[in-house]
Amino acid sequence: MDVALAASAPETTDWERLAARSRLRRRTTTALLYTVLLLGSLPIVVPYLWLFTVALSGRVGASTFVLWRTLAVLLPALLIWSILRVGIDDRRRLRVCEIVLVIVTFVALAVLTGPYLHTGNWRFLWNANIADQLKGAAGVGGTYPSVWTAFGNSLFLAITQMVLVAAVSTLAGYYLSRFDFRGRGGYLKGLLVLHAFPAMTLIIPIFLLLHWVGLLDTLTGVILVVVALELPFAIFVMKGFFDAVPWDIEMSAMTDGASRRQAFLLVVLPQVKVGMLAVAVFAFLRGWEEYVFVRTLLLQKSNWTMSLYLFWMSADVMGTDYAMVSAIGVFYVLPSIILYTMCQKYLTQMTLGGIKG
Amino acid sequence: MTTAPRLRVWLDRILFLGPGTLLLVMFFIVPVVVDVGIAFTDMGRDLQVTGFTTENFRRMFGGDRRLPSVMLVTLIYVTCTLAIFNIGYGLLLALLTTALPDRAGGFFRAIWLLPRMSPSVVYALLWSWVVAPTDFGLLNQALTAVGLPLADLKSNLPMLLVVLANGFIGASFGMIIFTSAIRSIPQHLFYAAQVDGAGGLAIVRHITLPAIRWQLSFVTIYQALALLVSFEYIWLITNGGPFFDTTVYALYVYRRAFENGQYAYGAALALGLVLVGAALALVLWRFFDMRALLQKPRIEVS
């Protein structure tokens, strides 16, 4: 018995080798995953990178020269980074390597692309007549508004919309969460259908309604429409946040002599600040990006928002100056990306009536 | 506690629920009624109604020779985008990124959220530059680099372009939902499967997929509806062209009304979308936790 065990042991229980093999296998799998994801993400990353490089460096046409140089630095850097992550187990050494890598990448970028960067493409910011100058007198569109008019319109639309959506959905969400009334079930069910219901299909009657009321071609009209379309979702999100606030808080406030409205304003409202923030940011972004409704409901050039400004600029000036159009694009897209990244924490907290799992 | 005065109750109701209800009625209920009404008129470019007619519906069911091909285009577009990107690629991204450490996975997910974060006009602009038919377009630069001839997706393969552009955005919705679903699967199931000798694919097939089947069908229906009614990116990138090759139903409705000034016919066509939308919205009900949603408030004091 003993002899047999001793004889078979060396072959079957070489734990060291088994562990090494499984480590290798895990590392190969991880490396493979990184490679697949990196390659799969290129079609998204490269065009965006292109937009940014052209906006900062393009002179005539949308040259890809700087893009390739940037990629020639960034891709190897990413590759080295993933090798580091897979290959180094020690945390501190990994951190040091990463910092060195970042510094080297930046220096390489500065040396390779630095001489080509310039701010000339951003002249639309201080030259209000830029479009007409570029097109000459032959342009079909006539005079363009200044980019700041469009920027102001977009900001006005987004902010007013944000305030209205946050206020109205907070009020309604609170009432639906805390008050019982006849038809509450029906109201909630109806709201749920409206949430899933595609509002885009109603664009013709909405256009006609605004025309009849006299709000066509006004920012007020567009704001009201976009607010209404945002509401079902926002009300549900707010109701969810109110549902999560314990009843006892209100109860004790009211036994202490607060009225229902005081309890709402002073006690419950501070508890749902995160929810209001999430709804507000989401509404702002929706207002900032809006295109279909502003395109359909706004006609005058002085009413243009950033989306319309960029659209017509790209349609009219494209052949003349790609680099400036991409600078406008960057100018328009940056606030969105920054806001999304900053508020991601809040945005992900929005859930809707608990999807069954 | 005393019963609240009726006036007070009504004041509260109007104060809290009034503004929301008013807006919802104005821009959801009234437009549906208006749409039905307009569909039975002869409203044209001048926005005047001169008479009532059922001509629009006669045209919809038989008279309009372009409609069948528009339906076919819509079917191809929705099915391909949904199957390949919104479900397929979204699921793939969720599976791959959840297999990585949290931060690396989050990084890749953030990249795929980029199209969703950027305004539609910017995103569409990027696509039309990438596929620009001249040799400055990114795609063509890549093609020439590997020795292939120049391509002009916009005129030769417009459907592919439209599916790709919408799919790159659509994939992120499924990715987010599936990621949180996969995260909520208890870890011990994976350990148990590994101990039993299951490989990666077997684990996906027998543990992950069955655990997220609810989310799979939710995303399918939700995104089918979204794809069916939205035309924003198609409109921006190909404008439904060349000719009518990428004009999906929703865009057809829009073009008929706002390009050709046939508001009444557009309204009649839109009714079809309204019906489909309402039906799918009702199906989506099944996915919400109705009991929690409709739970009665426990305190009622005014």
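Predicted model: local features only at pLDDT ≥ 70, side-chain atom pairs only at ≥ 80, totals over all residues.

Reader: Is the crossing of H12(A) and H15(A) left-handed or right-handed?

Author: Left-handed.

Reader: And which residues of H12(A) and H15(A) meet?

Author: From H12(A), they include Val274(A), Leu277(A), Phe282(A) and Trp288(A). Among those on the H15(A) side are Pro335(A), Leu339(A), Tyr340(A) and Cys343(A). By class, the contact has 13 nonpolar residues, one polar and one charged.

Reader: Okay, let's zoom out. How many helices and strands does chain A have?

Author: Chain A has 15 helices and zero strands. It has 357 residues, and 36% of them count as buried. If you take the contacts in chain A between residues at least 6 apart in sequence, 77% join residues at least 24 apart.

Reader: What about where the chains touch?

Author: The size of an interface is often given as the accessible area lost when the parts come together. For this model, we can go by residues in contact: 77 from chain B and 75 from chain A. On the chain B side, helix H1 (residues 6-39) gives the largest share, with 16 residues. That side of chain B has 61 nonpolar, nine polar and seven charged residues.

Reader: Last topic: backbone angles. Which residue in chain A has a positive phi without being a glycine?

Author: Take Asp217(A), with phi near 65°. You'll find Asp217(A) in the loop between helix H8 (203-213) and helix H9 (219-243) of chain A. Asp217(A) counts as partly exposed because it has 14 C-beta neighbours inside 10 Å.

Reader: Where is Phe243(B)?

Author: Phe243(B) sits in the loop between helix H12 (232-237) and helix H13 (249-259) of chain B. Phe243(B) isn't a glycine either, and its phi is positive, about 55°.

Reader: Why does Phe243(B) count as exposed?

Author: Because Phe243(B) has 9 C-beta neighbours inside 10 Å, and a residue with 12 or fewer counts as exposed.

How values were computed
Residues numbered from 1 in each chain as written. Chains lettered and ligands numbered in written order. Helix = DSSP H or I, 4+ residues; strand = E, 2+ residues; numbered from the N terminus. Buried ≥ 20, exposed ≤ 12 C-beta atoms within 10 Å, placed from the backbone. Contact = placed C-beta atoms within 7 Å. Nonpolar A, V, L, I, M, F, W, Y, C, P; charged D, E, K, R; others polar. Left-handed = near helix turned anticlockwise from the far one by under 90°.
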